[in-house]
Structure formats: structure tokens, C-alpha cells
Amino acid sequence: MRVLGVDPGLTRCGVGVVEGVPGRPCTLIAYYVVYTDPADDLSLRLLHLDHSLTKLVAEHQPESVAVERVFSQHNVRTVMGTAQASGIAVLAGARAGLPVQTYTPSEVKAAVTGSGQADKAQMTAMVTRLLRLAEPPKPADAADALALAICHVWRGGTRSKLAAAADRVRRGGAR
């Protein structure tokens, strides 16, 4: 399974692509950080993010997209930008006809490190180890995006199958 993970942010949006199957180490395909200039108009920043994510989805042909779920922060301005970037990431996956799954930061931390309370350094160290990289991916936004993709490979396949089965039951056609 090839997954494109997105750590949404309006100024820095991390993107990571991995391939793997549940229970096995994943393989790094690529990682990026999409930057927008805070001095630019919001509409132009969102448009740049949309074009960049759409291009990366087309280039890497993932089977699904994993996006960090926005959670409440103390700084409303920051959470608004993150929520807007998250919406663009979800849209890029949906536009390509891909399943999109969101994960909370603690879900990703638990999947990758075994602890939902892991800090950034622990997350980066585990991503580096799990992907067998010579150096940690930088900046941290890229490492977080790779962690999202790994989390989805390991947890999302099962989660998606359960959701699809539940959907079939709701529609009256259990298979």
C-alpha cells in the first residue's frame, strides 16, 4: 500500500510518501515540505498549497491519503491556518478519488512510538529508525508527515476495511 501523509500547516505543510503493509517495515518513497509566504494573501497561499498537493498526489499515485486531524490549540489564528491547510489536503485526496483518513496526533504517536505522549524528538527518531534512514528527515514537518503515512499503513488498512464493511451493512448488502 502506498500512502501520502500530510502534516497540514499554512506556512509549512509536511508531505511524506511511504509504501508498506501492516506489520512490516515501510519503505520511504519521498518527502517534502510545501512552504507558503505569510506575507501573501490567504487565497494565494491556499491555492499554492492546493496546486502542490495535487501535483504530489498525481506524481506519487498513492492508494490513500492520511492527514493529521486538527485539534484545538490555544492560538486560534494558528489552528485556523492548520484547519484550512487540512481541508486542502483532504480535498486533494478526494479530488483524486482516493480514500482519505484523518488521525489525531496521539494516534500517530502511539502507532509509531508506542506512546501517545511522545515528543517531537522521539517521533523523528522512530521515523528515522522505522524507515531505516541514515539521517532524520528535516524539518520536523516532513518527519510528522512520514509518521502519518506509517500510521495509516499499519492502522488504516484495517480501519478502512471495517468502515467499508459497516457501510455495506448500512446499505443492506453484507459481503
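This is a predicted model: local features need pLDDT of at least 70, side-chain atom pairs count only at pLDDT 80 or more; totals for chains, interfaces and linings use all residues.

Trainee: What does the accessible surface of the chain come to?
Mentor: About 9,300 Å². Carbon and sulfur atoms hold 55% of that.

Trainee: And how many helices and strands are there?
Mentor: The chain has five helices and five strands. Along the sequence the pattern reads β-β-β-α-β-α-β-α-α-α.

Trainee: In what order do the strands sit in the sheet?
Mentor: The order is 3-2-1-4-5, in an open sheet with mixed pairing. Strand 3 (27–35) and strand 5 (100–103) each have a single partner strand, so one side of each lacks a neighbour in the sheet. On average, neighbouring strands are turned by 20 degrees against each other, direction ignored.

Trainee: Which way do strand 1 and strand 2 pair, parallel or antiparallel?
Mentor: Antiparallel, over six bridges. Strand 1 covers residues 2–7 and strand 2 covers residues 12–19. Val6 sits opposite Val15 in strand 2.

Trainee: Now the helices. Which strands does helix 1 touch?
Mentor: Helix 1 (residues 42–60) packs on the sheet and touches strand 1, strand 2 and strand 3. Its direction makes about 165 degrees with that of strand 3.

Trainee: And where does helix 2 lie?
Mentor: Helix 2 (residues 76–95) lies across strand 1, strand 4 (64–68) and strand 5. It runs at about 170 degrees to strand 4.

Trainee: Last one, on contacts. What share join residues at least 24 apart?
Mentor: 64%, among contacts between residues at least 6 apart in sequence.

Conventions. Residues are numbered from 1 along each chain as its sequence is written. Side-chain values use heavy atoms; hydrogens and water are left out. Two strands pair if DSSP finds at least two bridges between them. Helices (H or I, at least four residues) and strands (E, at least two) are DSSP runs, numbered from the N terminus. Axes are lines fitted to C-alpha atoms, for helices over the stretch in contact, and angles run from 0 to 180 degrees between N-to-C directions. Contact means heavy atoms within 4.5 Å. Accessible areas come from the Shrake-Rupley method with a 1.4 Å probe; for residues, only the protein chains shown count as cover.
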